[in-house]
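Please open the model in your viewer and keep the selection panel handy.

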Amino acid sequence: LMLASLLGTRFRLEALALVAGLDLQTCLEGLQPVLAEGLLNALDDHHKQLDNVHKLASAQFKFPHDRIQQAAYEIASAEYPNIAALKLEIGRALLALERRKQSREPLFDIAEHINCGRALVTNRDERLDYARLNLALGLQAKKASAYQPAWQCLLAARDFLGEDLALQETALALDIHRELAECAYLDGEFPLADAQYPLLAE
């Protein structure tokens with residue numbers, strides 16, 4: 001339940017199995033007690049189709065109340081001292097899974113995991129990858145007029161790029177700062193927006 005809480009209020013069985021390092025059926029068996037107690041709800045009947053791996057993998061579950069997920073998350077935070085590092089590893093694993101599947105689903109939840117550990121990412125290529133990922137997600141959110149998640153993704157993109165890579169990837173840095181300024185302004189975050197303008201003028 002603790003690991004499940006780190007995935008958010010809802011998750012797929014394949015995601016939990018992946019981060020737990022278990023096969024699908026073993027992972028499902030571990031969920032049976034909390035399902036029986038009503039601490040977790042199944043959103044479909046895919047978890048009953050044990051002979052169909054694809055259906056089983058796509059089985060979805062949800063915490064019935066936010067407070068249950070939050071309580072489990074608090075226990076997980078106490079259990080794992082470096083929660084940012086754990087969430088980063090979860091994000092990396094889930095992103096690799098979605099890319100192998102060539103999924104077209106939005107990756108906002110996965111980016112949230114990765115962004116929690118942004119200070120721990122030092123590899124140049126990985127930083128560029130996550131900067132571009134967050135820029136793309138920021139643009140998606142902006143298109144939907146969801147300006148707060150948009151600038152939050154763009155802020156993460158800026159942080160992943162950093163001053164050193166911004167000097168090397170000037171076009172990418174310009175795109176990030178321009179979109180960050182616009183989305184922050186549209187969301188009423190004027191100090192954040194204003195802080196980008198001097199960088200755009202350089």
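Select Lys101 to begin: at 42% relative accessibility, Lys101 counts as partly exposed. That label covers the range between buried, under 20% relative accessible area, and exposed, over 50%, using a 1.4 Å probe and protein chains only. Glu98 is buried, with a relative accessible area of 8%. A salt bridge here is a side-chain nitrogen of Lys or Arg within 4 Å of a carboxyl oxygen of Asp or Glu.

A word on what you are looking at: this is a predicted model, where local features need pLDDT of at least 70 and side-chain atom pairs count only at pLDDT 80 or more, while totals for chains, interfaces and linings use all residues. Residues are numbered from 1 along each chain as its sequence is written, and side-chain values use heavy atoms, with hydrogens and water left out.

Next, select Arg99 and Asp129. Their side chains form a salt bridge at 2.8 Å, N to O. This pair links distant parts of the chain, 30 residues apart: Arg99 sits in helix α6 (residues 83-100) and Asp129 in helix α8 (residues 124-143). Helices (H or I, at least four residues) and strands (E, at least two) are DSSP runs, numbered from the N terminus. Arg99 is partly exposed at 43% relative accessible area, and Asp129 is also partly exposed, at 25%.

Move on to Arg158 and Asp159, a salt bridge whose closest N and O atoms are 3.4 Å apart. Arg158 has a relative accessible area of 28%, so it counts as partly exposed; Asp159, at 34%, is partly exposed too. Then select Arg12, Glu14, Glu98 and Lys101 together: salt bridges that share partners join them into one network. Across the whole structure, a search finds 17 salt bridges.

Now for an inside view. Is Gln69 buried or exposed? Gln69 is buried, with a relative accessible area of 11%. You will find Gln69 in helix α5 (residues 66-79). The side chain of Gln69 reaches the backbone oxygen of Ser5 at 2.8 Å.

For the surface stop, colour Tyr185, Leu186, Phe190 and Tyr197, which make a nonpolar surface patch of about 410 Å². Helices α10 (170-186) and α11 (190-201) each give two or more residues to this patch. Patches are made of residues with over 30% relative accessible area and no salt bridge, joining like charges within 9 Å and nonpolar side chains (Val, Leu, Ile, Met, Phe, Trp, Tyr) within 5 Å. Phe190 belongs to helix α11 and is partly exposed, at 42% relative accessible area.

Finally, zoom out. The chain holds eleven helices and three strands, and its C-alpha atoms fill a box of roughly 60 × 35 × 30 Å along the principal axes. Of the 202 residues, 40% are buried. The chain exposes about 11100 Å², with carbon and sulfur atoms supplying 52% of it; accessible areas come from the Shrake-Rupley method with a 1.4 Å probe, and for residues only the protein chains shown count as cover.

Terms used
Polar contact = N/O pair within 3.5 Å; in protein donor to acceptor, adjacent residues only side chain to side chain.
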